[in-house]
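Here is a short tour of one protein model, with an eye on its aromatic rings. Have the viewer open as you read.

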Amino acid sequence: MSVSAQISIPELNKNQNESVKADFVNNNVFFEKGEIISNVLKIINTTDKIQEFVLEITIPNGWKTFLKSNRLYTLSAGDSIFVPVRILPRHVSMGNSKFMFSAYLFSKEARLLSFCYFYAVSNKVVRWELSVMPTDKFYFKNDQTTMDFYVNLFNTGNEDQDIYLTLKTIGENIKYISW
């Protein structure tokens with residue numbers, strides 16, 4: 001199955017003078033399984049007046065941000081602030097995923113003052129661990145022809161994968177597992 005989509009990213013009118021400019025410090029943030037997504041939002045008041053605004057961050061459903069919602073920020077003329085943005089993914093993300101997070105700054109009158117975004121990227125990790133119990137070395141004692149052992153195979157990557165094991169006979173009473 002193949003799915004394609006196109007997203008149009010809204011932009012402010014660049015000819016209009018923004019009273020508040022916002023930009024994330026990092027355009028792309030890489031994260032792994034179990035990590036918090038973290039970035040810093042730099043906000044600058046470009047006017048000679050005090051600016052008040054509310055910051056909203058878009059996140060996927062079920063994810064959490066550590067920002068206080070509906071907080072009114074006050075920024076003095078020509079001043080700037082740095083706001084840490086931390087996002088907790090709801091569940092383990094699959095690899096090779098790219099998430100877009102947007103920041104919107106609205107005036108008290110709900111007028112859009114500034115907009116910016118960044119991407120959080122999770123690379124696919126394929127990793128398997130094989131263990132043999134009770135030991136990884138086997139010694140046959142005199143006249144011994146069989147031995148019991150256990151094989152455990154663990155997926156330690158960041159996404160589910162199917163694996164097929166095949167037991168093959170290569171000689172009389174000699175077998176091995178392939179995948």
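## How rings are paired

Rings of Phe, Tyr and Trp (its six-membered ring) count as a pair if their centres lie within 6.5 Å; planes under 30 degrees apart are stacked, over 60 edge-to-face, and the rest tilted. A pair of aromatic rings is described by the distance of the centres and the angle of the planes.

This is a predicted model, where local features need pLDDT of at least 70 and side-chain atom pairs count only at pLDDT 80 or more, while totals for chains, interfaces and linings use all residues. Residues are numbered from 1 along each chain as its sequence is written, and side-chain values use heavy atoms, leaving out hydrogens and water.

## The chain as a whole

The protein chain has 0 helices and 13 strands; helices (H or I, at least four residues) and strands (E, at least two) are DSSP runs, numbered from the N terminus. Of its 179 residues, 25% are buried, where buried means under 20% relative accessible area, exposed over 50%, and partly exposed in between (1.4 Å probe, protein chains only).

Contact here means heavy atoms within 4.5 Å. Among contacts between residues at least 6 apart in sequence, 60% join residues at least 24 apart.

## Aromatic pairs and a cluster

Searching the whole structure turns up 10 aromatic pairs. In one of them, the ring centres of Trp-63 and Phe-101 are 6.0 Å apart and the planes meet at 40°, so this pair is tilted. Trp-63 lies in the loop between strand E4 (51-57) and strand E5 (64-65), and Phe-101 in strand E8 (residues 97-106), so the pair ties together parts 38 residues apart in sequence. Trp-63 counts as buried at 8% relative accessibility, and Phe-101 counts as buried at 0%.

Tyr-104 and Phe-115 also pair: their ring centres are 5.0 Å apart and their planes at 45°, so they are tilted. Tyr-104 lies in strand E8 and Phe-115 in strand E9 (residues 112-122), so this pair ties together parts 11 residues apart in sequence. Phe-115 has 12% relative accessibility and counts as buried.

Which residues form one aromatic cluster? They are Phe-24, Phe-31, Trp-63, Phe-99, Phe-101 and Phe-118.

## Around Leu-88

Leu-88 is found in strand E7 (residues 80-88) and is partly exposed, at 36% relative accessible area. Not counting residues up to four places away in sequence, Leu-88 touches Ile-36, Trp-63, Lys-64 and Phe-66. Leu-88 and Thr-65 are 23 residues apart in sequence and 6.2 Å apart in space, C-alpha to C-alpha.
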